[in-house]
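Hi everyone, thanks for coming. I'd like to walk you through one model today, so please have a look at it before I start.

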Amino acid sequence: MMRQLIIAGNWKMHKTVAEALSFVQELQSSGLDSRVEVVVCPAFTALAPVAEALKGSAIRLAAQNMHWEAQGAFTGEISPLMLKELGCKYVILGHSERRQYDGETDEKVNRKVKAALEHSLIPIICVGETLEQREAGKTAVTVETQTRAALSGLTTEQVAGLVFAYEPVWAIGTGKTASDQDAQQVNGLIREIIAGAYGAEAADAVRIQYGGSVKPANTRGLMSQPDIDGALVGGASLKVEDFAGIISEAQ
Ligand code: PEP
């Protein structure tokens with residue numbers, strides 16, 4: 001199956017509304033290639049204005065997190081219903097920064113994955129090992145545990161529509177990228193786990209990104225790997241020149 005590449009820019013806690021708008025205006029005028037699905041993930045405050053600015057554009061919108069309940073007494077949280085209303089197509093779930101700083105457990109990630117799907121949002125599920133886990137030879141078991149937990153209770157059809165992002169924690173924001181072969185190995189493992197549990201068709205359909213210090217110079221090698229279907233980009237998604245460079249190298 002030909003999987004469409006998906007390049008998503010996770011802006012994290014960067015960009016005011018004015019900065020976010022100026023970014024998308026510039027990106028749109030930079031002549032994007034429609035073969036790659038391009039996604040921007042602004043902070044919550046910029047989602048609505050960016051959604052408005054992207055009307056009629058092929059660039060898709062994602063949120064960086066959400067609560068699993070549709071509404072309720074959860075001060076400071078944002079629900080899937082609210083994200084859907086704004087026009088989000090995707091939502092990043094289980095990012096390592098949330099796992100590390102905000103107590104995002106595998107169980108919470110799974111609840112959020114189910115809630116996102118119930119509201120027709122596509123989860124971008126982040127999995128990946130820390131440096132300590134890699135050095136202890138626990139990369140595969142860590143990624144397998146996170147992957148299986150995120151998928152718990154889903155149907156084959158739901159699984160087939162997901163996006164995963166393999167993001168080794170030691171490569172995020174550090175300038176250290178996994179080698180093409182290391183990234184391919186883990187992305188291939190995620191696909192194998194899905195094939196084993198849900199069948200070859202679902203595994204073939206799932207898109208699996210790589211994330212961790214992706215930049216224009218390392219994009220081509222990573223994207224040419226058979227099981228890498230795009231990138232989740234942090235730092236290099238903040239400047240139009242870098243992000244557009246990644247999109248064009250990915251083709
Ligand atoms: C990320 O946070 O998802 C990420 C991949 O960050 P960076 O590209 O900066 O390593």
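Let me begin with a term: two residues are in contact if their C-beta atoms, placed from the backbone, lie within 7 Å. One more before we go on: helices are DSSP runs of H or I with at least four residues, strands are runs of E with at least two, and both are numbered from the N terminus.

Now, what you see is a predicted model, in which local features need pLDDT of at least 70, side-chain atom pairs count only at pLDDT 80 or more, and totals for chains, interfaces and linings use all residues. Residues are numbered from 1 along each chain as its sequence is written.

How confident is the predictor? On pLDDT, its confidence in each residue from 0 to 100, the protein chain has a mean of 97, and 99% of its residues reach 70 or more. For the complex, the predictor gives an ipTM of 0.96 and a pTM of 0.97.

Let's start with α1. This helix has twelve residues and reaches 17 Å from its first C-alpha to its last, close to the 16 Å expected at 1.5 Å a residue; the expected span is 1.5 Å times one less than the number of residues. I'll call a residue buried if 20 or more other C-beta atoms lie within 10 Å of its own, exposed if 12 or fewer, and partly exposed in between, with C-beta atoms placed from the backbone. Which residues of α1 are buried? They are A20, F23, V24 and L27. Seen down the axis of α1, these buried residues fall within an arc of 90°, so they line one face of the helix; the arc is that of the directions from the helix axis to the C-beta atoms. That buried set packs against β2 (37-41), α2 (44-53) and α12. On the other side of α1, A18 and Q25 are exposed.

With 19 other C-beta atoms within 10 Å, K15 is partly exposed.

On to α7, residues 139-151. Its 13 residues should span 18 Å at 1.5 Å a residue, and the end C-alpha atoms are 18 Å apart, which agrees. The buried residues of α7 are T139, V143, Q146, T147, A150 and L151. They cover an arc of only 125° around the axis, which puts them on the same side of α7. Their packing partners include α5 (106-118), β5 (122-127) and α9 (180-198). R148 also lies in α7, but counts as partly exposed, because 16 C-beta neighbours lie inside 10 Å. After the helix comes G153, with a positive phi near 85°.

S120 sits in the loop between α5 and β5. Phi of S120 is positive too, near 60°, and S120 counts as exposed, with 11 C-beta neighbours inside 10 Å.

Finally, the ligand. How many residues surround the ligand? There are 13, and the closest are I172, G173, G211, G234 and G235; a residue is near a molecule if its C-beta atom, placed from the backbone, lies within 6 Å of it. The shell divides into five nonpolar, seven polar and one charged. Here Ala, Val, Leu, Ile, Met, Phe, Trp, Tyr, Cys and Pro count as nonpolar, Asp, Glu, Lys and Arg as charged, and the others, Gly among them, as polar.

Notes. pLDDT = per-residue confidence, 0-100.
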